[in-house]
Structure formats: C-alpha cells, structure tokens
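Subject: Structure handover

Hello,

Here is the structure for your files. My notes on it follow below.

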Amino acid sequence: MRPKPAKVTKIVKENYRINTIFLDEKTKSEPGKFAMLWLPGFNEKPFAIINDEPLTFTIAAVGPFSKKIASLKVGDNIWYRGPYGASFNLEKKKNILLVGGGYGVAAMYDLAKKAKGKDIKSTVIIGAKNKDDVIFEQLLRNQKIETHIATEDGSSGFKGLATQLAKTIIEKEKINQIYSAGPEKMMKVIGDLADEFDVPYQLSVERFMKCGGLYLCGHCEINGYLCCIDGPVFDWRLIKTLPDFGVYHRGQDATKVLVEKFL
C-alpha cells in the first residue's frame, strides 16, 4: 500500500510528552490495528490507530521520529499507510478488564469505546509512574466507563502497580476477558494472573518495525511470528509459549536486545 497524504487538523496535548493528533482522513479499522506514519526524508514508524473517523493517533515523544511528529502544527502534512495487523476480539464478552500502562492506555480507550457500543461492561485500569503520566482518565469517565488509576508513587488513585490493582479487581469481580497494552513486563504479569484465575487474555505486543506488514525486514519477529502480520494483538495462550516474550525484542539492526525491565 502506497502512503497517502493527510493533513493535521487538531492537536490535543495529553501531558508533558504525549499528544493526540487528528488527521483529515477516515479509514476502516478495529481496535488494536496500526498504521505506518511517514515523514518524507526523515523516517517511517508504526503507531496504534486510536480512532478511524477521523484518523487519530496518540503519540509519546520518546525518540527522534516521535519528537519530530510532536513538532507538527495544525495544517502540516504527514503520510500514512494501513491499517495493518490483527485486532482485539470483542465478541460474546460480558464483563471485561482493560489494563493500559503508560501510553498503552490510548489503545485501551479505543477498545473501551467500541465495547460500550456493543453493550459490554468495561473496567479500565490506567497505570502510570505518577499523576503527571496519567492520560485519558477524564475521557473515559466522560464516556461513563468505570476507570481506576494506579500510580507507583501514589500521587493519584491506588498506590502501586497496575498489575496489583488488576489482581484486586479480578478477585472481587467475575471478569470474562482481559485486554492490555503497555510495558511488556507488565503484560506478562497480567498473563500470569489470567492463568491463575482462568480468564482469557489478549494483549498488544510492541516491536520495532521497518517495513510494516510488507514481509521484508523481519525486525518485528518473535520466535517465528511477525508482529506486523500475526499481531500486534496476540492471544496469551500463544504468546506465553514464545521464549523471547518479556525477555528480548529486536533493535534497529535486528539483533536481540533485552526488553526494558518493568518494576
């Protein structure tokens, strides 16, 4: 798929490093899918689609490319191709738990909105280091979606990890399905909880992508599976059998590097 040009129509500053950008394009997508964003002469990277009408992305300025996107103004151009990848499955669920760590909560926000449209009860956990890192809390509450905050320093909501709060909720409620997006170590712990309480679990796995679904680079490979094609959404029953999950990902030169430790 050739990149299509789009124009930035709106920018919302979510916190000190995260912006949501709205484009003058519409597409057909499902929660969990992604698109490749391209700035000619600079780079191309994958980002989760947060909304498809209009096409919307929530982006943390953590590297050169995402910082370049953060410098865009309303009226500037950016190119995209997609959507790509596997999406979350919402069929036949009644009471779901969504756990978003860091900017991963943006994908959970999109999923929670879609679930509400299907009359599925959602409980969302937003995990962050401190209150300044919390995003989408008010947007979720405005949608009347049950929302809990977990901050490591206790500056907002529950003091502790999102995984600890998730266990408390699972122990108290009959959860039919768990979804998550965020740090890999966090998602692995959520998977252990899913096994402990015998709850189905889907998660969005982030990997470095160069070609974005074109079968060319192999950078997003994880033990024989490609995140751009087979993922980024995986079923826990599969992903937990892959030795690299929670341990290694691949860097820009495709060599294995340790996944950032989640404390």
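The protein chain carries 39 positive and 31 negative side chains, and the centres of the two sets are 2 Å apart. Lys and Arg count as positive and Asp and Glu as negative, with His and the chain ends not counted; each charge is placed at NZ of Lys, CZ of Arg, CG of Asp or CD of Glu.

This is a predicted model, in which local features need pLDDT of at least 70 and side-chain atom pairs count only at pLDDT 80 or more, while totals for chains, interfaces and linings use all residues. Residues are numbered from 1 along each chain as its sequence is written, and side-chain values use heavy atoms, with hydrogens and water left out.

Overall fold

The protein chain has six helices and 18 strands (DSSP runs numbered from the N terminus: H or I of at least four residues for helices, E of at least two for strands). Its radius of gyration is 17 Å, close to the 18 Å from the globule rule for 263 residues, so the chain is as compact as a globular protein of that length. That radius is taken over C-alpha atoms, and the rule is 2.2 Å times the number of residues to the power 0.38. Buried residues make up 50% of the 263 (buried is under 20% relative accessible area, exposed over 50%, partly exposed in between, with a 1.4 Å probe and protein chains only).

Two buried polar residues

Arg207 sits in the loop between strand 13 (201-204) and strand 14 (221-222) and counts as buried because its relative accessibility is 5%. Its side chain makes a polar contact with that of Glu184, at 2.6 Å (an N or O pair within 3.5 Å; within protein, one atom must be able to donate a hydrogen and the other to accept it, and residues adjacent in sequence count only if both atoms are side-chain atoms).

Gln202, in strand 13, is buried at 9%. A polar atom of the Gln202 side chain lies 2.9 Å from the backbone nitrogen of Asn89.

Backbone geometry

Most residues other than glycine have a negative phi, and most peptide bonds are trans. The Glu53 to Pro54 bond is cis, with omega near 0°, and the Gly82 to Pro83 bond is cis, with omega near 10°. Pro54 is in the loop between strand 5 (51-52) and strand 6 (55-60); Pro83 is in strand 7 (residues 77-84).

Phe136, not a glycine, has a positive phi of about 70° and is buried at 6%. Asp198 has a positive phi of about 55° and is exposed at 69%.

Regards
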